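Trainee: I would like to go through the helix packing and the chain contact here. Can we take them one at a time?

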Amino acid sequence: MQADRSDARPLVLERTRELVAALKATPAGERLVEVEQRFRADPEIQQILGTLRERDEAFRQAQEAGNLTQEQIRALREVQARYREHPLVHEIELARMPFEILLRDVNGAMANILDLDVGRIVGPANK
Amino acid sequence: MSAAERAVAEREDLQAVAMEKARALARAIGESAAYKAFRRAHGALMEDDTLRRRFYAYQAQRQEVEFARRAGSAEPAQEAALEEEWRVLSAIPILQAYLEGQRELTALLKEMVTILNAEFGVDYGAVCTPPGSCCG
């Protein structure tokens, strides 16, 4: 089965890239890619994200060690609020909504042919 | 046709193209040996009533133990019984073929989804999984 799978893989990946290109051409895809690029290139939001990761890690470590302080909780909440309130975060959330509807349609179109739910099989990325 | 109507028609055309690409991708997956092997193995499991029920019961029990473990109330005896049931189940050829088919197909689908996630900064699995229904 391993050898057969490797035979099918290039075609599946080629069709995936074609789907990516087609999704990028839709207004929802085009908008999301444009906002994503600005998000990744924005020094302020990247700095906030870096601080968020650091404080989140410190929070987890302190929690595990049982020596979490009020100051650590406050510091994490402060940076979480700065992130949530950043205009680019609002923009990206708004851009994701129509694209996510499109992705669910993609998943549905594939399910009709394969008789299985790709999203359910792969599950969330962080699981 | 007004400019607004033209814009709507153009958007619908582009979405139709994307849906056709999604169907072409599904057909390519459908042609893969991983998918065909999974379907065969799934069919065999569905035909074996006893094994299917036993496997589903195992999955339900595993979930219960997982919840209990998270709540810190898992019984060692219950966990041991679950392990023993898995040892027996996983030696049954029909189930072995099913799990192997599922692994192969999942690996292929995850590779595909990783490309989509990276290109758009989304989580396909999370977006398309109804809450509480994860994972096959």
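Trainee: Are α2(A) and α5(A) roughly parallel or roughly antiparallel to each other?

Mentor: This is a predicted model. In it, α2(A) and α5(A) pack with their axes 9 Å apart, at an angle of about 150 degrees. Angles over 145 degrees count as roughly antiparallel. The two helices α2(A) and α5(A) are therefore roughly antiparallel.

Trainee: What is the handedness of the crossing of α2(A) and α5(A), and how many nonpolar residues does their contact have?

Mentor: The crossing of α2(A) and α5(A) is left-handed. Residues of α2(A), including Leu32(A), Val35(A) and Phe39(A), meet residues of α5(A), including Ile92(A), Phe99(A) and Leu102(A). By class, the contact has one polar, five charged and ten nonpolar residues.

Trainee: How are α3(A) and α4(A) oriented to each other, roughly parallel or roughly antiparallel?

Mentor: The axes of α3(A), residues 43-65, and α4(A), residues 70-84, come within 9 Å and cross at roughly 150 degrees. The cut-off for roughly antiparallel is over 145 degrees, so α3(A) and α4(A) are roughly antiparallel.

Trainee: Which element gives the largest share of the side of chain A that touches chain B?

Mentor: In total, 42 residues of chain A are in contact with 47 residues of chain B. The elements of chain A giving two or more residues to that side are α1, α2, α5 and α6. By class, the side has 25 nonpolar, five polar and twelve charged residues. The largest share, 14 residues, comes from α1(A).

Key: Residues numbered from 1 in each chain as written. Chains lettered and ligands numbered in written order. Predicted model: local features only at pLDDT ≥ 70, side-chain atom pairs only at ≥ 80, totals over all residues. Contact = placed C-beta atoms within 7 Å. Helix = DSSP H or I, 4+ residues; strand = E, 2+ residues; numbered from the N terminus. Nonpolar A, V, L, I, M, F, W, Y, C, P; charged D, E, K, R; others polar. Axes fitted to C-alpha atoms, helices over the stretch in contact; angles between N-to-C directions. Parallel < 35°, antiparallel > 145°, perpendicular 65-115°, else oblique. Left-handed = near helix turned anticlockwise from the far one by under 90°.
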